[in-house]
Amino acid sequence: MRLLKTVVFAAFALAASGAFAQTIKIGFITSYSGLNGNLGPYMERAVRLYIKQHEKELPPGVKIELLTRDDTGPNPDKARQLAQELVVRDKVDLLAGVIFTPNAMAIAPIATEAKVPFVIMNAGTAVITTRSPYIARTSFTLWQSSYPLGQWASRKYKTAYTLVSDFGPGHDSEDAFTKAFGEGGGRILGSVRVPLQNPDWAAYMQRVKDARPDCLMVFIPAGKTATAVMKNFGDLGLDKAGIKLIGPGDITTDEELPNMGDIALGVTTMFHYSAAAERPANRAFVAAWKKEYGTNETPNFLSAGSWDGTAMIFEAIKAQKGKLDPEKTMEIFKRYKNADSPRGPISIDPETRDIVQNEYLREVRKVGGQLANVELETFPSVKDPWKELQKKK
Amino acid sequence: MMHGGGYTVDARIRWPEWLPWIAALAGFFLLPEYLSLGARILIYILFALSLDLILGYAGIITLGHSAFFGLGAYVAGIVSAKLGITDAFVQMAAAAAAAGLLGALTGAVILRTRALTLLMLTLAITSIILEIANKATWLTGGADGLSGVVVAPILGAFRFDLFGRTAFLYCLAVLFLGWLLARRLIYSPFGAMLTGIRENTQRMHAIGAPVYWRLVGVYTLSAVMAGVAGALLTQTNQFVGLNVLGFEPSGELLVMLILGGVGRLYGAFIGPVAYLIAQDLLAKQFPEYWYLGIGLLLVAVVLFARGGILGLIDKWMPFSKPAASAKASAR
């Protein structure tokens with residue numbers, strides 16, 4: 001009898017709390033295993049840190065529940081299945097996360113069919129946002145970094161060689177750099193695309209060395225691969241042969257720099273985020289990160305993308321007082337602006353639902369005895385150049 | 001311990017054999033939120049069944065069965081995305097034909113070898129197919145995957161919906177046909193001959209059985225079944241990625257079959273159910289460490305249940321053993 005009473009009481013308590021509390025469910029898909037499985041936590045930690053800091057700003061009674069799922073690396077089939085389950089079974093209000101382009105592409109039709117807003121916090125192939133009207137991106141596109149990089153490089157170097165991973169973002173990076181470098185009067189000596197997973201770098205590096213370009217532009221998915229590239233670059237003596245290594249920031253991400261060693265010194269990259277940036281908003285972000293996760297931990301660009309993505313989701317929740325309507329949410333996303341993100345001023349382009357942000361030219365230098373990406377030059381408010389080119393066609 | 005199967009005079013379907021189908025239909029009505037997982041399980045059952053035919057009954061050890069699954073998946077996808085043919089049955093027929101052709105051609109070559117050589121050759125074949133799919137970006141989408149797969153409503157009426165209702169019933173129907181075929185096969189003289197080859201190849205040669213051609217035959221048939229399973233995956237996902245090819249899916253499938261019980265027909269049913277449900281639960285609880293759980297499960301099976309889950313059931317319930325006549329003839 002007592003048990004029955006307890007149960008009835010508990011049921012009432014639940015029902016009562018249900019009447020007031022509103023839980024916003026976010027289905028968060030990223031990679032915790034497989035290629036770049038170490039990067040998933042950088043995203044999740046950023047989201048959790050933002051929620052922890054800003055939870056009290058939510059309308060009264062509104063709570064956020066984060067449902068995390070592992071897509072096991074570039075595995076579109078798995079990602080699609082997870083998204084479908086999150087939508088059908090867990091009835092999430094929003095989808096978010098995703099490191100790899102193929103996974104984002106596979107999830108896009110689900111977002112469209114289920115009318116679930118989908119915030120992309122990393123995957124950077126330009127075309128992704130065109131795949132569903134319910135996608136908004138807070139990370140970057142490869143064109144955003146590689147195109148200005150090509151413009152800058154063409155003023156400094158005469159010849160270049162490109163080496164990219166053979167998948168969507170790699171093709172984008174190669175296309176963007178080649179176009180800008182050519183427009184600036186530079187000459188591409190050769191281009192090579194390497195398999196996404198586990199390639200042997202030495203053979204490719206030797207080929208580049210034999211071609212003797214002034215600079216080598218490399219894109220590979222950020223993470224351990226970057227360190228392997230850097231090591232092979234040094235081991236085969238490309239630096240001594242006078243070849244400069246440049247690329248979008250994936251080759252010198254903040255969390256991998258300590259593993260790379262001094263060979264990374266002087267590598268020039270174009271990117272939207274560096275943990276070493278001096279902006280007050282970034283300093284506060286890095287300090288909060290270290291306080292939460294330990295002094296040896298540093299956020300990286302995935303953290304920045306996830307942080308801003310969560311901020312954007314918060315804005316939509318606050319504006320709608322906790323009752324999310326997919327269409328209204330997308331309208332709010334399209335107008336989203338933040339003048340003071342850790343990476344500087346950002347906004348969402350209402351036409352393309354893609355991010356507009358500053359790109360920074362950085363060089364790896366020693367700051368206080370540690371390698372860091374030091375920002376030298378700013379290319380303000382870069383819209384995705386690929387979408388701008390498509391408009392002109 | 002002998003495995004079941006083989007020629008028997010009494011090949012009628014016994015009542016417990018209807019249980020999986022009743023369970024599947026019950027699942028359809030009782031667990032509407034789990035249908036996409038359910039469809040996935042049904043696909044892997046068909047795939048495992050195809051492996052059981054060659055591994056469990058004919059004794060062909062392979063690490064490359066994903067070659068046929070992946071080829072089927074890609075052919076169904078390409079027929080739809082590149083040629084614009086949206087009829088589900090045409091896509092499936094194309095996938096089955098392509099996988100069967102690959103099975104016959106490669107089988108004719110590699111089945112002349114045995115044991116480790118055979119194992120390496122099967123692995124090589126799926127690796128080659130994987131590399132082709134990776135490189136032929138214009139056809140397969142490469143590492144980005146093949147999107148834009150369209151499947152018209154089945155029989156003009158049943159659209160593939162977000163909840164996976166159509167997908168589930170469609171996969172169930174195809175699996176049922178696959179099961180009827182596999183069952184008929186292993187209870188036939190052909191099946192008995194396969195069991196004989198597995199148990200003692202020399203003796204089969206001695207009694208004048210065409211060992212090589214029987215192996216090529218069953219290998220091709222198994223490839224067709226795996227190709228159909230691949231086509232089902234493409235049609236329910238409307239997407240094909242590189243992860244359907246290579247060592248990993250082959251190994252995973254082998255694990256599922258061993259988990260269920262090899263050479264038992266129903267091992268192919270129980271293995272994928274147990275593996276995929278365990279994976280689903282673990283991955284939800286521990287998105288970062290779920291592989292550990294799967295690993296522990298496998299260690300437990302290898303240590304305590306050598307015959308897989310069905311082997312365990314045998315131990316506890318002796319009457320559940322396969323029909324005595326089947327065993328006798330297999331001996």
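Me: What share of the contacts in chain A with a separation of 6 or more comes from residues 24 or more positions apart?

Reply: This is a predicted model, in which local features need pLDDT of at least 70, side-chain atom pairs count only at pLDDT 80 or more, and totals for chains, interfaces and linings use all residues. Residues are numbered from 1 along each chain as its sequence is written, while chains are lettered from A and ligands numbered from 1 in the order in which they are written. Two residues are in contact if their C-beta atoms, placed from the backbone, lie within 7 Å. For contacts in chain A with a separation of 6 or more, the share from residues 24 or more positions apart is 71%.

Me: What radius of gyration does chain A have?

Reply: Chain A contains 13 helices and 14 strands; helices (H or I, at least four residues) and strands (E, at least two) are DSSP runs, numbered from the N terminus. The globule rule, 2.2 Å times the number of residues to the power 0.38, is compared with a radius of gyration taken over C-alpha atoms. For 393 residues the rule gives 21 Å, and chain A is close to that, so it is as compact as a globular protein of that length; its radius of gyration is 22 Å.

Me: How many residues of domain 2 of chain A are in contact with domain 1 of chain A?

Reply: The domain bounds, which come from an automatic or database domain assignment, are 2-140 + 280-350 for domain 1 and 143-271 + 359-392 for domain 2. The centres of the two domains, taken over C-alpha atoms, are 30 Å apart. Domain 1 of chain A contributes 16 residues to the contact, and domain 2 of chain A contributes 21 residues.

Me: Is Val98(A) buried or exposed?

Reply: Val98(A) sits in the loop between strand E3 (94-97) and helix H4 (101-114) of chain A. Its phi is near 75°, a positive value in a residue other than glycine. A residue is buried if 20 or more other C-beta atoms, placed from the backbone, lie within 10 Å of its own, exposed if 12 or fewer, and partly exposed in between. Because Val98(A) has 29 C-beta neighbours inside 10 Å, it counts as buried.

Me: How many C-beta neighbours does Lys115(A) have inside 10 Å?

Reply: Lys115(A) is placed in the loop between H4 and strand E4 (118-120) of chain A. It has a positive phi of about 55° although it is not a glycine. Lys115(A) counts as partly exposed, because its number of C-beta neighbours inside 10 Å is 15.

Me: What percentage of the residues in chain B are buried?

Reply: Chain B has 15 helices and 0 strands. Its radius of gyration is 19 Å, close to the 20 Å of the globule rule for 331 residues, so chain B is as compact as a globular protein of that length. Its C-alpha atoms fill a box of roughly 50 × 45 × 40 Å along the principal axes. Of the 331 residues in chain B, the buried ones make up 51%.

Me: Which helix gives the most to the side of chain B that touches chain A?

Reply: The contact takes 28 residues from chain A and 23 residues from chain B. On the side of chain B, helix H2 (35-57) and helix H13 (290-304) each supply at least two residues. With 3 residues, the helix that gives the most to this side is H2(B).

Me: Which residues touch the most other members of the largest nonpolar core?

Reply: A nonpolar core is a set of buried Ala, Val, Leu, Ile, Met, Phe, Trp, Tyr and Cys residues joined through C-beta atoms within 7 Å. H2(B) gives the most to the largest such core, with 17 residues. Val228(B) touches residues including Leu46(B), Met92(B) and Val174(B), not counting residues up to four places away in sequence. Of the 210 residues in the core, those that touch the most other members are Leu95(A), Ile107(A), Leu46(B) and Val228(B).
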